[in-house]
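Dear colleague,

I am passing on the structure we discussed, and below it you will find my notes on what turned up in it. Please read them with the coordinates open.

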Amino acid sequence: MEKKKIGFELLIFEDETELSQNDQKLLQDAAEARENAYAPYSKFKVGAAVLLENGEVVIGNNQENASYPSGLCAERVAIFHAGAKYPGVTVKSIAICASSSKHEVGVPAAPCGNCRQSIIEYEQKQNTPISLLLRSEKGPIYKCSSMADILPLAFNNSFLGDS
């Protein structure tokens, strides 16, 4: 038997002034996108902003539906929009901002499993890491250098025999 520990490095910032101007702007774009989220059921609004290598920023926000599984998370709305509008352009970073009108969200919310799988697909396809910036309304800001960091042992096309 072999035992192996898998982990990653997470940068934690007290506030946005510790970030680069580009990261500050991307978080601001995600926060603005969050304000237009359609979340009448969960009251949990999420905005995402995707920075592309060509300098374009594509936004998305969660879109709920009374038939809960029919909605989409902000991260997938943004990354799918980026892939549709700018096919083949490398995704550099994704900022995600979350809040709730029910309670204070004091720590950043990480992408759900479906979003992690969708983002890792882009990371694998472009063979370049996609960094993540995570923030709630208050509290610290988290940054990690790759989606693969938070989704170790990711499912990919090699399991399908298409690698």
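Patches are made of residues that have over 30% relative accessible area and no salt bridge, and nonpolar side chains are joined into one patch within 5 Å. In this model, which is predicted, Phe-8, Leu-10 and Ile-12 make a nonpolar surface patch of about 260 Å². Leu-10 lies in the segment before β1 (11-13), and with a relative accessible area of 33% Leu-10 counts as partly exposed, because that term covers what falls between under 20% and over 50%.

As for the chain as a whole, its secondary structure comes to four helices and six strands, which follow one another along the sequence as β-α-β-β-α-β-α-β-β-α. The radius of gyration is 16 Å, close to the 15 Å that the globule rule gives for 163 residues, so the chain is as compact as a globular protein of that length. The C-alpha trace spans about 45 × 40 × 35 Å along its principal axes, and 41% of the 163 residues count as buried. Among contacts between residues at least 6 apart in sequence, 67% join residues at least 24 apart.

Helix α2 (residues 74-85) deserves a separate look. At 1.5 Å a residue, its twelve residues should span 16 Å, which agrees with the 16 Å between its end C-alpha atoms. Ala-74, Glu-75, Arg-76, Ala-78, Ile-79 and Ala-82 are buried in α2, and the buried residues of this helix pack against β2 (44-52), β3 (57-61), β4 (91-100) and α3 (113-126).

Conventions:
Residues are numbered from 1 along each chain as its sequence is written. This is a predicted model: local features need pLDDT of at least 70, side-chain atom pairs count only at pLDDT 80 or more; totals for chains, interfaces and linings use all residues. Side-chain values use heavy atoms; hydrogens and water are left out. Patches are made of residues with over 30% relative accessible area and no salt bridge: like charges are joined within 9 Å, nonpolar side chains (Val, Leu, Ile, Met, Phe, Trp, Tyr) within 5 Å. Accessible areas come from the Shrake-Rupley method with a 1.4 Å probe; for residues, only the protein chains shown count as cover. A salt bridge is a side-chain nitrogen of Lys or Arg within 4 Å of a carboxyl oxygen of Asp or Glu. Helices (H or I, at least four residues) and strands (E, at least two) are DSSP runs, numbered from the N terminus. Buried means under 20% relative accessible area, exposed over 50%, partly exposed in between (1.4 Å probe, protein chains only). The expected span of a helix is 1.5 Å times one less than its number of residues. Contact means heavy atoms within 4.5 Å. The radius of gyration is taken over C-alpha atoms; the globule rule is 2.2 Å times the number of residues to the power 0.38.
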